[in-house]
Amino acid sequence: MNVNEMMRRDWDDRARRDAFHYIASWKRDWDINSFLASGESDYLTLVSPMLERCGVSANGEVMVELGCGAGRMTPSFGRRYKRVVALDLSAEMLERARQIHAEQQNILWLRVGGADLACLASGWADFMFSYLVLQHVPTEELVFGYIREFLRVLRPGGAFLFQFNGSHKPTMNSRGRLAWGAVDALWAAGLVSVSRTAARLLGLDPAAAGKSWRGAAIEAARIVSVLCSNGGEIRELAGENTPMAWCCGVKKTGA
Ligand SMILES: C[S@@+](CC[C@H](N)C(=O)[O-])C[C@H]1O[C@@H](n2cnc3c(N)ncnc32)[C@H](O)[C@@H]1O
């Protein structure tokens with residue numbers, strides 16, 4: 001099984017277990033109203049101020065959201081853009097999104113393979129966005145591949161805003177690191193059900209086993225380098241060296 005198949009299997013499994021919780025894992029007891037309200041609240045507190053500071057219009061013809069999940073934030077874009085292309089690698093997540101937002105006519109829900117945006121043409125999108133997605137992607141190379149794809153799909157002058165894990169500092173104590181290290185090593189060896197059993201025995205969440213949950217942490221300077229060498233111009237980097245690092249910028253007009 002290759003890494004794309006592993007990511008898809010894991011996210012489909014999380015969607016079946018409790019999609020809202022694995023999308024917005026800071027809370028367990030979401031209902032549909034609180035779940036969608038959290039999406040608009042994130043838009044207003046995280047997205048809108050940064051776009052404003054960067055001089056990027058929050059309205060336009062068409063935007064793309066990578067890793068839309070069950071569409072927690074997608075309607076916030078649907079209200080501000082004429083058309084939204086919402087992408088996810090999990091068919092189960094997309095199924096939930098389509099059911100929840102059946103009335104929404106300007107959102108196209110599409111499944112991607114997990115490593116590129118091959119389903120999209122080059123040079124037409126006004127805005128590319130991604131939140132709580134790249135932090136779960138297992139390798140730097142896959143994250144860099146997506147960043148190159150953002151710039152390919154954007155029109156010259158179009159904008160990007162995405163969050164990634166920029167922290168190399170451990171977020172748990174040494175016991176936690178040891179336990180998750182053992183669980184993740186089993187997962188990486190392809191022993192998925194053994195790794196989940198080990199997680200359960202250690203009192204950990206079995207659905208969070210493996211590198212499709214705790215993805216690659218990446219130094220902001222490396223992200224900047226990929227953006228700059230692919231025609232991107234950075235307007236703001238925030239939260240560098242933290243798990244909630246954000247990068248906003250535009251595709252240069254000559255690129
Ligand atoms: C934590 S959820 C966040 C969903 C949404 N961005 C939000 O904030 O509500 C992560 C989503 O990213 C998707 N995802 C994970 N890895 C992906 C990849 N390599 N390519 C595309 N989508 C991915 C998962 O299926 C899941 O729906």
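## Basis of the description

A residue is called buried when its relative accessible area is under 20%, exposed when that area is over 50%, and partly exposed in between, using a 1.4 Å probe and protein chains only. The model is predicted: local features need pLDDT of at least 70, side-chain atom pairs count only at pLDDT 80 or more, and totals for chains, interfaces and linings use all residues. Residues are numbered from 1 along each chain as its sequence is written, and side-chain values use heavy atoms, with hydrogens and water left out.

## Salt bridges

A salt bridge is taken as a side-chain nitrogen of Lys or Arg within 4 Å of a carboxyl oxygen of Asp or Glu. The count under this rule is 18 salt bridges. In the pair R80 and E40, the closest N and O atoms are 2.9 Å apart. R80 lies in the loop between α3 (74-78) and β2 (81-88), whereas E40 belongs to helix α2 (residues 32-53), so this pair ties together parts that are 40 residues apart in sequence. With a relative accessibility of 18%, E40 counts as buried. Helices (H or I, at least four residues) and strands (E, at least two) are DSSP runs, numbered from the N terminus.

R196 and D10 form another salt bridge, with 3.5 Å between the closest N and O atoms. Because R196 lies in helix α7 (residues 192-201) and D10 in helix α1 (residues 3-23), the pair ties together parts that are 186 residues apart in sequence. Both R196 and D10 are buried. E92 pairs with R16 at 3.2 Å between the closest N and O atoms, and this pair links helix α4 (residues 91-100), which holds E92, to helix α1, which holds R16, across 76 residues. E92 is partly exposed, at 21% relative accessible area.

The ligand sits in the largest cavity. Here a cavity is a set of points, on a 1 Å grid over the protein atoms alone, where a 1.4 Å probe fits but cannot get out; a molecule sits in it if more than half of its atoms lie within 2 Å of its grid points.

Helix α1 supplies four residues, the largest share of the shell around the ligand.

Definitions and conventions: On a 1 Å grid over the protein atoms alone, a cavity is a set of points where a 1.4 Å probe fits but cannot get out, and a pocket is an open set with protein on both sides within 12 Å along at least five of seven lines; lining residues have an atom within 4 Å of a point.
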